[in-house]
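Here is my note on the model you asked me to look over. The points are numbered so that you can follow them beside the structure.

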Amino acid sequence: MSFLGFGAAQPKLSSEQKIAAAEAELDMVTDMFNRLVSTCHSKCITSSSSYYEGDINKNEGLCIDRCVAKYFDVNVKVGEQMQKLGQNGTFMGKR
Amino acid sequence: MSESVKQQEPVAEAAQAVPKPKPKGYTNPALKMMGINNIRLPSRNWMVFWSLCGAIGGGTFYNYYQQKKVREKWTKYVKPYGDKSFQLNNLPRTLTIYVAPPPDDYLDESLLVFRKYIKPILNAAAVDFILFTESRQGEIRSKVAQDIRDIRKEIIQLENDTKEAERIREKENSILNKPVKFFKWLFFNGHKKVKKSEEEIEKDKREEFLLRVKDAKNILGLYYKNRNELINKPAVSEDSLVDEYEPYNTGGVLCIGRGAYKEYIIGLQEGLLGPLENPHAEKTVGIEDKQENRIEEVPEVPEVKVLSLDDIKSPNNVEMPTNISEIKSESKNDTNESNDINNTNDTNDTNTNTNTNETNNETNNETNNETNNNNNSNDNEKVEELTEKQKEEEKKKQKLIPYITREKFENEGEFPKELSKYYENNKIKKINTKDNIPPFFQQPVSVFPVYNLVGITTFPRRIYRYYNKHKLMDRYGEMTAKVIEKRIRKFDASVDKFSAIDEEEDWSKRWVKRGIENNSEWLQDFVIDDRVANKLWVYDLEGPIQESQESNSTIADTQL
């Protein structure tokens with residue numbers, strides 16, 4: 001902790017590091033989005049109809065709704081759990 | 001068996017005396033050349049063994065094969081509903097499903113009925129659902145009642161809001177207000193008439209451009225060209241598009257198990273005919289209001305779990321029916337206790353007491369031996385856990401106390417004013433809510449029985465049912481298809497009192513006896529008040545389904 005400039009100062013991020021962090025973040029989000037799209041597409045659309053109709057039908061629509069909702073939900077949950085682990089400094093019960 | 005054994009005894013002795021030659025069986029030089037000496041039937045014991053294995057295994061296999069076929073049959077039957085085209089902003093029809101565990105068994109049994117027999121067909125028809133489960137009797141009832149009360153409050157709120165808005169509009173439009181408006185307009189816009197220099201105009205344009213670019217959706221990507229389709233369209237539920245005078249022609253409520261149905265009907269009456277605010281809360285909490293315990297004591301919505309789409313598999317304990325009179329006496333005790341607290345002016349409740357004890361122990365810990373201290377604190381923790389558990393238990397029981405009991409529906413129950421205007425002239429009008437979907441109590445109800453036998457004496461019947469599951473499955477499939485087809489009719493108390501009553505034959509006698517002793521909700525009379533009954537619609541699950549084949553196509557043709 002620093003008190004009036006004394007003590008060990010917290011490591012300050014340079015602008016380059018900030019940009020790198022932002023890029024990593026963006027990469028992660030894009031990656032998740034791509035995975036989501038491809039998973040839900042293969043699950044809901046390619047398997048059931050193989051494009052004999054232009055519009056999506058009700059079954060596919062419902063499937064996509066559920067798929068996306070679930071994917072996001074799980075993603076958030078896993079993220080939270082990982083963050084918790086990171087804070088504790090433990091992983092799979094090991095330190 | 002014993003006779004045959006007796007008969008065989010002399011034969012066996014003879015065999016011991018003179019070793020019996022093995023039967024030769026069938027043989028052939030060609031087979032011999034291939035290394036197969038004799039083909040003969042196996043011994044009697046092996047024959048018995050194999051035929052038994054074959055019978056059990058074959059029966060099982062046949063059953064599963066038939067189940068698969070039945071499932072395919074019904075999923076194919078309802079598939080036209082799932083194949084309708086679907087707009088991106090549409091939400092499909094949603095069923096509300098209440099699942100109660102069968103008597104003396106786990107919730108899993110009822111969930112299995114849903115998961116194996118009903119869900120595949122719902123999925124094929126692209127019908128969404130919300131699942132509510134209970135782990136003890138009364139939870140569905142109080143959940144239903146609480147939901148209805150919430151909806152009623154929402155309706156009152158909405159009405160007040162619209163009235164308020166109308167009043168404001170009238171005020172604004174009145175003649176007196178017009179000159180004021182004009183001056184206001186002058187005040188805010190008068191200065192704008194000054195001509196701008198070119199620089200300023202350019203600056204404005206730049207700002208406008210930057211504002212537009214700020215959100216990438218405005219200049220590129222998926223949203224750029226499909227703006228109207230993707231962003232400006234709010235999600236519309238299929239249920240909200242129903243005819244205003246036919247709110248019962250959409251959605252739907254499924255009760256899995258006769259008990260769930262009974263609880264649903266009672267909960268419906270409790271919610272509709274009962275008071276909006278908890279009468280018990282006023283009595284018990286009224287005194288405590290001055291203290292700070294109020295938040296803890298106010299009964300809230302019971303914790304009815306909402307399961308996700310693929311149901312949770314953990315078994316939930318089925319608990320014995322809660323004794324209503326017992327709960328009442330307990331609540332009385334609570335009031336007594338609170339009175340005592342008031343009298344002595346003691347602000348510490350039990351919780352704080354235990355806490356102080358713990359802190360005392362902790363201070364002791366620092367001075368004493370470590371081992372002893374650990375034991376002490378552990379014991380303390382255990383005691384605390386126990387009391388907390390008991391408290392939670394009591395809280396849960398408190399939550400299940402009905403706002404109005406079934407004996408009082410007829411005399412004290414009152415159909416709410418805010419709803420009665422939707423039921424004028426023998427017509428049912430859709431109740432306006434925020435999401436525009438008719439509330440679940442306007443949607444039709446259906447019951448799916450859960451046939452579940454418990455105990456050893458029922459084993460023969462259970463074996464019989466095990467091998468005939470595909471027939472049951474066919475029945476469930478037909479019922480689900482009827483629900484999907486929206487085959488509805490008005491509630492008829494003389495018939496619908498007894499829907500799924502054959503399930504009650506499966507309830508074990510011991511459980512029934514215990515239930516009657518404990519005042520179980522499932523075993524009391526089926527009460528339904530006329531004021532509720534004549535507004536209720538049900539699914540017509542009797543009768544053959546093939547008749548509706550034509551109407552099926554007509555329904556399928558009409559688009560959203």
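1. In chain A, helix α1(A) passes helix α2(A) in a right-handed crossing. A crossing is right-handed if the near helix is turned clockwise from the far one by less than a right angle, and left-handed if anticlockwise. α1(A) covers residues 15–46 and α2(A) residues 58–88; their axes come within 9 Å and cross at roughly 145°. Axes are lines fitted to C-alpha atoms, for helices over the stretch in contact, and angles run from 0 to 180 degrees between N-to-C directions. Helices (H or I, at least four residues) and strands (E, at least two) are DSSP runs, numbered from the N terminus.

2. This is a predicted model: local features need pLDDT of at least 70, side-chain atom pairs count only at pLDDT 80 or more, and totals for chains, interfaces and linings use all residues. Residues are numbered from 1 along each chain as its sequence is written, while chains are lettered from A and ligands numbered from 1 in the order in which they are written.

3. Which residues meet where α1(A) and α2(A) are in contact? From α1(A) they include A:Met32, A:Leu36 and A:Cys40. From α2(A) they include A:Cys63, A:Ile64 and A:Tyr71. Contact here has a cut-off: the C-beta atoms, placed from the backbone, lie within 7 Å.

4. Now chain B. It has 23 helices and nine strands. Of its 560 residues, 26% count as buried. Buried is defined by 20 or more other C-beta atoms within 10 Å of a residue's own, exposed by 12 or fewer, and partly exposed by a count in between; C-beta atoms are placed from the backbone. Among contacts in chain B with a separation of 6 or more, 84% are between residues 24 or more positions apart.

5. Look next at strand β2(B), residues 94–99. Five of its six residues are buried. β2(B) pairs in the parallel sense with β3(B), residues 128–133, over six bridges. B:Thr94 stands opposite B:Asp128 there. β2(B) also pairs in the parallel sense with β5(B), residues 253–256, over four bridges. In that pairing, B:Ile97 has B:Leu254 as its bridge partner. Two strands pair if DSSP finds at least two bridges between them.

6. β2(B), helix α4(B) (residues 107–124) and β3(B) make a right-handed β-α-β unit. A crossover is right-handed if, with the strands pointing away from the viewer, the path from the first strand over the helix to the second runs clockwise. B:Asp104 is in the loop between β2 and α4 of chain B. Its phi is positive, about 60°, although B:Asp104 is not a glycine. B:Asp104 is partly exposed because 16 other C-beta atoms lie within 10 Å.

7. Further along, B:Lys469 belongs to helix α19(B), residues 469–485. Is B:Lys469 buried or partly exposed? B:Lys469 is partly exposed, since 18 other C-beta atoms lie within 10 Å. B:Lys469 touches B:Asn63 and B:Gln67, leaving aside residues up to four places away in sequence. B:Asn63 is 406 residues apart from B:Lys469 along the chain, yet their C-alpha atoms are separated by 6.8 Å.

8. B:Lys486 lies in the loop between α19 and β8 (488–490) of chain B. Phi of B:Lys486 is positive and near 60°, in a residue other than glycine. With 18 other C-beta atoms within 10 Å, B:Lys486 is partly exposed.

Technical notes. Two residues are in contact if their C-beta atoms, placed from the backbone, lie within 7 Å.
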